[in-house]
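Here's a quick briefing to read alongside the model.

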Amino acid sequence: MTLQGLQGSEAQAPRRSGSARRISVLGATGSIGTSTLDLIGRDAEGFEVVALTAQSRPEELARLAIKHRARVAVIGDEAHFEALKAALSGTGVEAAAGAQALCDVAREDTDCVMAAIVGAAGLRPTFAAIAQGRRIALANKECLVSAGDVFTAEIARQGAELVPVDSEHSAAFQLLAGAEPGSIEKIVLTASGGPFRLWDQAALEAAKPEQALKHPNWSMGDKITIDSATLMNKGLELIEAFHLFPVSAEQIDIVVHPQSIVHCLVMYKDGSVLAQMAPPDMRTPIAVALAWPARMAAPTERLDLVRLGTLTFEAPDEARFPALRLAREALRCGGTAPAVLNGANEAAVAAYLGRRIGFCDIARTVERTLEGAGKEGALRTPACLEDVLAADALARRLAQAHIKGYQ
Ligand code: NAD
Ligand code: MG
């Protein structure tokens, strides 16, 4: 069988040469994780997979670990350890389980760790990965939103390199390469507007999870898809951009662009505006993060501007989508406010997906939780990861109380 034939099948990847880049994928079974492995599988000589992790679905994790010849596979939920061990028996892939094991493998020596766990659950493993001082390809935006300065200080302390995977931030990262901080006037992040862009307030109140999960352009995990519908995703991305790039909060704008072709624009002080474009497929920003400053092939649809014809832009409506305003307020407030915003949002999104609250109750829960945490004096500047995790836990507790009130 030819090499090409092997890569397209379930067969194992060939053994790599000494020059292959070593990579671990945290959250390997998710949308970003599988897109990353899709790219890696097409360049099997170029990568050596060290560790793959997931929280659940041990058979799927084992299948990916065998296919990509990972050295170790880790399942976060220990209840799935026996199933993982059974699925890996005789394959030569090591199995491990539990929260500590997730951090231990994240610390294993590699050239790059793809941080693609969803939510604040990614905080400890991603911090562990920073300790090796190599490249962190960061998809897990909640981690940077919650831990902010604590996260970037740890990156600097360990001499690690942070390359964003989020499409808008990957775009900004490329557009800003070599820029003098003083030359940047604005960064404009685009938002698709989500499935409810044109819905009125009454319709939003009644929006069902299955409707919110139908994103018009992107195929993503459930949590970020709901965040895209509320526009909290763009709020989180505003905070993410603030920590990644040398600009103030006021220098970051949000524009709704329903076609999701332009991902970010950078306006320079000479009036030049640079835009990054690509069809909405995360394999492009993932390829940027894996190969930068080189470029690797990604088998995505190519942009055809003539077929597209029109690209449109409009202002976001913060009255119907208050999550944007809440994120901006949390960023302005600083301290643990972004961690509280994020923790409350995660709790509220889970409650919405569990049909315990309505769509608009997500932002209400976040707003009330922020108010409650402020009254408790809990929005102080975090000194370390434990302070961030304490704020996250408090936010979830306060949010649950509000969620009960809606039932
Ligand atoms: P997903 O739900 O598809 O996958 C999440 C992965 O994390 C899975 O492998 C899952 O097993 C693992 N996981 C879940 N809970 C965990 C826990 N408690 N402990 C350890 N592992 C856990 O999510 P996704 O859409 O791939 O998103 C991953 C991250 O990337 C998110 O932070 C998201 O905001 C960000 N992101 C995603 C996209 C996208 O297109 N999907 C785009 C930009 C940014
Ligand atoms: Mg994004």
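Which of the 22 residues around ligand 1 come nearest? They are Thr29, Ser31, Ile32, Glu142 and Gly221, where "around" takes in residues with a heavy atom within 4 Å.

A note on the ground rules: this is a predicted model, with local features needing pLDDT of at least 70, side-chain atom pairs counting only at pLDDT 80 or more, and totals for chains, interfaces and linings using all residues. Residues are numbered from 1 along each chain as its sequence is written, chains are lettered from A and ligands numbered from 1 in the order in which they are written, and side-chain values use heavy atoms, leaving out hydrogens and water.

**Ligand 1**
- The shell divides into 12 nonpolar, 7 polar and 3 charged residues.
- A polar backbone atom of Ile32 sits 2.9 Å from an oxygen atom of ligand 1, and for Gly221 a backbone N or O atom lies 2.9 Å from a ligand oxygen.

**Magnesium ion (ligand 2)**
- Asp166 (OD), Glu168 (OE) and Glu237 (OE) are the protein donors, 2.1 to 2.2 Å from the ion; donors are N, O and S atoms within 2.8 Å of the metal (3.2 Å for Na, K and Ca), and with water not among the atoms, sites may look incomplete.
- Their sequence spacing reads D-x1-E-x68-E.
- Asp166 is buried at 7% relative accessible area, and Glu168 is buried at 6% (buried: under 20%, 1.4 Å probe, protein chains only).

**Cysteines**
- The count is 0 disulfides, taking a disulfide as two cysteine sulfurs within 2.5 Å.
- For Cys103, the nearest cysteine sulfur belongs to Cys143, 11 Å away.

Notes
Buried means under 20% relative accessible area, exposed over 50%, partly exposed in between (1.4 Å probe, protein chains only). A polar contact is a pair of N or O atoms within 3.5 Å; within protein, one must be able to donate a hydrogen and the other to accept it, and residues adjacent in sequence count only if both atoms are side-chain atoms. Ala, Val, Leu, Ile, Met, Phe, Trp, Tyr, Cys and Pro count as nonpolar, Asp, Glu, Lys and Arg as charged, and the others, Gly among them, as polar.
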